[in-house]
Amino acid sequence: MRKFLYIIPLAFHQLVYGQASKKTLPCYDLTEVLKVTPTALYKPHLDASKSFNVNILKNTSQVQKYINKGKFHSVKKTGKGYKVQKLDYSRPYLVSKAKATLEKMGARFSKETKGHTFTVSSITRTLEDQCRLRKVNTNASLGISSHNYGNSFDISYVRFNNKLRPDPKMEVALEKVLKYYANAGRIFYIKERQQSCFHVTVRNY
């Protein structure tokens with residue numbers, strides 16, 4: 001009887017402990033993530049990101065740590081020349097240089113298009129955010145993303161003035177602004193055709 005009573009609490013402990021372990025296990029294997037080799041086109045984005053002295057963002061607590069330290073700054077939902085769409089898989093925070101660059105790009109776009117706005121579709125992501133994103137988007141990065149450092153954001157080239165529809169004239173104007181900042185040594189950018197966005201990484205200039 002004593003042996004039977006001992007087995008019940010032991011089994012219960014193993015069940016509860018096992019469930020707790022499952023809850024705390026990350027949805028990614030960092031070793032495997034780090035093994036993914038970036039393309040030659042993408043490598044400058046990662047190199048630029050590492051220069052801001054921000055560790056790879058794994059989860060919410062790490063993001064909060066950088067917010068508390070004053071390293072990450074909140075991005076407003078609406079600024080001159082830009083709007084931030086509802087963010088389901090990223091967070092509206094950037095390092096100060098990236099936030100300032102986004103705001104300057106928005107102001108320049110607004111000036112050159114006489115008041116039009118572009119749409120920011122993604123900002124800072126943790127590795128856990130990327131796991132969630134991959135469940136709905138198989139094209140999401142399997143390796144480290146420059147979004148994991150707080151200095152990258154995506155700008156849609158099919159959503160202007162808060163309307164989802166291609167606008168070749170606005171797209172040309174947007175890329176003109178991107179080229180200006182790229183040529184000035186402030187950013188790197190890639191046109192992502194599958195996601196219909198420009199992936200922008202701010203350099204530590």
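In this predicted model, the largest nonpolar core holds 33 residues. Phe118 and Phe153 touch the most other members. The largest share, 6 residues, is supplied by α7. A second core of 10 residues is separate, and Tyr42, Leu46, Cys131 and Tyr149 are among its members.

The surroundings of Phe153 were examined beyond its neighbours within four places in sequence. Phe153 is in contact with Leu94, Ala98, Leu102, Met105, Val120, Ser122, Ile123, His147, Phe198, His199, Val200 and Val202. Of these partners, Ala98, Leu102 and Met105 are buried residues of α5.

Helix α5 has 17 residues. Its span from first to last C-alpha is 24 Å, close to the 24 Å expected at 1.5 Å a residue. Thr101, Gly106, Phe109 and Ser110 are also buried in this helix. An α-helix has 3.6 residues a turn, so residues three or four places apart point the same way. Lys114 follows α5 and has a positive phi, near 60°.

Helix α5 also packs on α7. Their axes lie 10 Å apart, at an angle of about 135°. The two helices are therefore oblique to each other. The crossing of α5 past α7 is right-handed. On the α5 side, the contact is made by Thr101, Lys104, Met105, Arg108, Phe109 and Glu112. On the α7 side, Met170, Ala173, Leu174, Lys176, Val177, Leu178, Tyr180 and Tyr181 take part.

Methods: Residues numbered from 1 in each chain as written. Predicted model: local features only at pLDDT ≥ 70, side-chain atom pairs only at ≥ 80, totals over all residues. Heavy atoms only, no water. Core = buried A, V, L, I, M, F, W, Y, C linked by side-chain atoms within 4.5 Å. Buried < 20%, exposed > 50% of the residue type's maximum accessible area, 1.4 Å probe, protein only. Helix = DSSP H or I, 4+ residues; strand = E, 2+ residues; numbered from the N terminus. Contact = heavy atoms within 4.5 Å. Expected span 1.5 Å × (residues − 1). Axes fitted to C-alpha atoms, helices over the stretch in contact; angles between N-to-C directions. Parallel < 35°, antiparallel > 145°, perpendicular 65-115°, else oblique. Left-handed = near helix turned anticlockwise from the far one by under 90°.
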